[in-house]
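Reader: I have the sequence and the model open side by side. Please take me through what can be read from them, one question at a time.

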Amino acid sequence: MAPRLTQRLDRDVYQILRKLEDDHERNSSKPAKFTIDGVYNMIKKSNSSVGREKKRPLEESIERVMRFRKEERAEVDEDETMEDSPAEPPTPKQTNPSLMNKQIAKSWNVARRERASSPEATVESSISMNERLPNGEPKLKRRRAEKAEKDRTPPNGLSLFNLGGMDDAIEQLVRHVARPIVRAKKWMEKAKGAEPTRGVLLHGPPGCGKTVLANTFAAELGIPFIPVSAPSLVAGMSGESEKQIRNLYEEAKSLAPCLVFIDEIDAIMGKRDNAQREMEKRIVAQMLTCMDELSLEKTGGKAVVTIAATNRPDSIDPALRRAGRFNLEINIGVPNELSRIQILKALTKNYNLAESVDLTALAKLTPGFVGADLQDVVSQAVSDMLERADESRIQKAMEDNPAPENGFVEATPKMKFMMHQLSALKSLFDDTDFEDDESYLVSQQHLLDAITRVQPSAKREGFSTIPDTTWDQVGALKAVQKELSLAIIRPIDTPELFSKVGWRSPSGVLLWGPPGCGKTLLAKAVANEAKANFISIKGPELLNKFVGESERAVRQVFTRARSSAPCILFFDELDALVPKRGDAIAESSARVVNMLLTELDGMNSRAGVYIIGATNRPDMIDPAILRPGRLGNNIFVDLPDEDGLVEILKTRIRTVLPESTQEQLEALEPVARDPRCKGFSGADIENLHIAAAKAAVERWDEDKGSIEITRADWDVALSKIKPSVSEKSADHFRRLQNKGWN
């Protein structure tokens, strides 16, 4: 064995042996008698890293250290005997201090050279010299620096009144968490073994306020609060992660009543079936054990409640989500319009708002925005306000301060201007002159500009939000509008009215008919009218070539919809996503159909999620999708008749040309009733208007007259535009209607 390894090993064994001797002396008055085998077995049973050494080198090291300890004890006994014997009076020759120091130093050097040739030289050189001072006294062991106690007091300056749109979540926390904590003694006395809530799982999309809610709730309760980031509980050494979790809950018990908050818990508490390492399984098992030990009897009648936050609840191990652990789950979804108004009021209460600010109008313009998005809107609006308010001061400072010298030969004018502006800004450092306070008001325009620059979380994740299409932009189709209103809009607006007659399950609607008849337009108008979140899914975009990815995409869509309830899921070109299952269909497509059927069945709660599908090939859709309870409400959107064409054309012109007069709109009726418009769809009418606009521009290029569409321009367009749906295709759809599709 290398000498360096021997020295290290001997020092470690020496420390272990001394500890064993000290423990024996504290527990017994008899002298310690250790054997090589006994010390070897004790080292192997301990958690020391020395136990990983091979048997032969370890036994040799134990033997050397035991011999050294024997000689060391003998020297100590000899020194004590010499101290007890009467000392002879010193002679005058021995009173020279310098001579005595030289003789003592010489004797030390001689003893050191003699010990270097002995078998115990390695031990003596590596232990005695390192463990003793130059005068022979043992070194004083350094105490480990005591770790500063962490602050476990609840957060300050937070109030639940500052949280908007979380009334339901706060109600559940007060009912299931606050009451058992505050009334723990009465609970112990009257509950007779019933256990209160031990864990609360807050889940929802990122930015919806889970962490803020936990911190604010702890501040309101005013009890010890232990916030933990889940990744911080993971350690590199084996067993350290489990130890940290045990220490966490031991501390919580000592501070009880106490709240423990674990953020992003899915990072360490994933499903054990999918765990890549044994350590991940042990961490989950340790968490289960710690939560099982939080009963009121084991905590002395003082409650310890764990609040966890995640945006991936389905990835957490199911054992954690059972009763007795995280038995309360609160979904904090995307706020609706009313909640957004409350959030905006809470975010802007500390700012000076102009009288023109209308938070209700702003809430209508921010569908799909979560709390973090709205906070970003307010922050950018305040930044714009400060920039515009300081614009005059900066301009004056730029006039008073010369432009900095150009350090680059070819600096652009924009760079020169920005450097001059930066120099002026620095001259206004710590400027406290705010004479014009009216300029420091957040206006409606500031907030509107900020909304256009902030992208909501729903769009960042690939989902669309509420469109701006209204019923006024949909011409004709009054019967279809009424059916959609009863199927989707009214249940969202007045759910209590429908519950009284026994209607509780959200329905699914399939819009089918020839291309270009307004199916997608109707779905957008329904979402806008209901003021519900709107997720538009194109059928093919969920398909993926990798096994299981398409099914995962379907689950993700429905999970997102449940978190955004009330929500309308619109599947465009549904026939591409759920074709008829059979021998000709690929296995991957069949799995997607099965996954969608499972979600539509309501195996997972579909409360507040409404489905709209659109297709022009209804006979290609799997029949299981169309049964009652799924997309059982089939609505046929046919080609418009003459009256419908008139209304569609007027609606089109009114939408794109708002300044059109009633006389101009009435003049369009003969155009729509022209025989050449027979068989036109809504898309054909739009195409007709585009062709007429081109004809008007070409005519203006020639005569430079008035730039407006005349009857001659419409005639030119009618001669060019033909129906996009053939008579044969229209008859096919009507035959399907007669077979009972609607």
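Reader: Into which accessibility class does aspartate 643 fall?

Author: Happy to start there. Buried means under 20% relative accessible area, exposed over 50%, and partly exposed in between, using a 1.4 Å probe and protein chains only. Aspartate 643 has a relative accessible area of 49%, so its class is partly exposed.

Reader: Before we go on, what kind of model is this, and what pLDDT do local features need?

Author: Residues are numbered from 1 along each chain as its sequence is written, and side-chain values use heavy atoms, with hydrogens and water left out. This is a predicted model in which totals for chains, interfaces and linings use all residues, side-chain atom pairs count only at pLDDT 80 or more, and local features need pLDDT of at least 70.

Reader: Thanks! Back to aspartate 643: which residue does its side chain meet in a salt bridge?

Author: A salt bridge here is a side-chain nitrogen of Lys or Arg within 4 Å of a carboxyl oxygen of Asp or Glu. For aspartate 643 the N to O distance is 2.8 Å, and the partner is arginine 673.

Reader: Where does arginine 673 lie?

Author: The pair links distant parts of the chain, 30 residues apart, with aspartate 643 in helix H24 (residues 642–656). Helices (H or I, at least four residues) and strands (E, at least two) are DSSP runs, numbered from the N terminus. Arginine 673 is partly exposed because its relative accessibility is 31%. Its place is the loop between helix H26 (669–672) and helix H27 (682–703).

Reader: How many salt bridges does a search of the whole structure find?

Author: Another of them joins arginine 734 and aspartate 731, at 3.6 Å from N to O. Both lie in helix H29 (residues 727–738), 3 residues apart, about one turn of the helix. The search of the whole structure finds 28.

Reader: How far apart are the closest N and O atoms of glutamate 551 and arginine 591?

Author: Glutamate 551 is in helix H21 (residues 549–563) and arginine 591 in helix H23 (residues 587–601), 40 residues apart. Glutamate 551 is buried because its relative accessibility is 11%, whereas arginine 591, at 25%, is partly exposed. Their closest N and O atoms are separated by 2.8 Å.

Reader: Which residues does serine 550 contact, beyond its neighbours within four places in sequence?

Author: Serine 550 is also found in helix H21, and at 4% relative accessible area it is buried. Its C-alpha atom is 8.6 Å from that of serine 589, 39 residues apart along the chain. With contact taken as heavy atoms within 4.5 Å, serine 550 touches Leu542, Leu543, Asn544 and Val592.

Reader: Which residues of H9 are buried?

Author: Helix H9 (residues 240–255) has 16 residues and reaches 22 Å from first to last C-alpha, close to the expected 22 Å, which is 1.5 Å times one less than its number of residues. Its buried residues pack against strand S2 (225–229), strand S3 (258–263), helix H10 (278–292) and strand S4 (304–310). These residues are Ser241, Glu242, Ile245, Leu248, Tyr249 and Ala252.

Reader: What is the phi of glutamate 264?

Author: Glutamate 264 lies in the loop between S3 and H10, and at 35% relative accessibility it is partly exposed. Its phi is positive, in a residue other than glycine, and is near 55°.

Reader: Finally, what pLDDT does the chain average?

Author: pLDDT is the predictor's confidence in each residue, from 0 to 100. Residues 87–95 stay under 50, with 2 contacts beyond four places in sequence. Where pLDDT is low, the predicted coordinates should not be read in detail. Across the chain, 81% of the residues score at least 70, and the average is 77.
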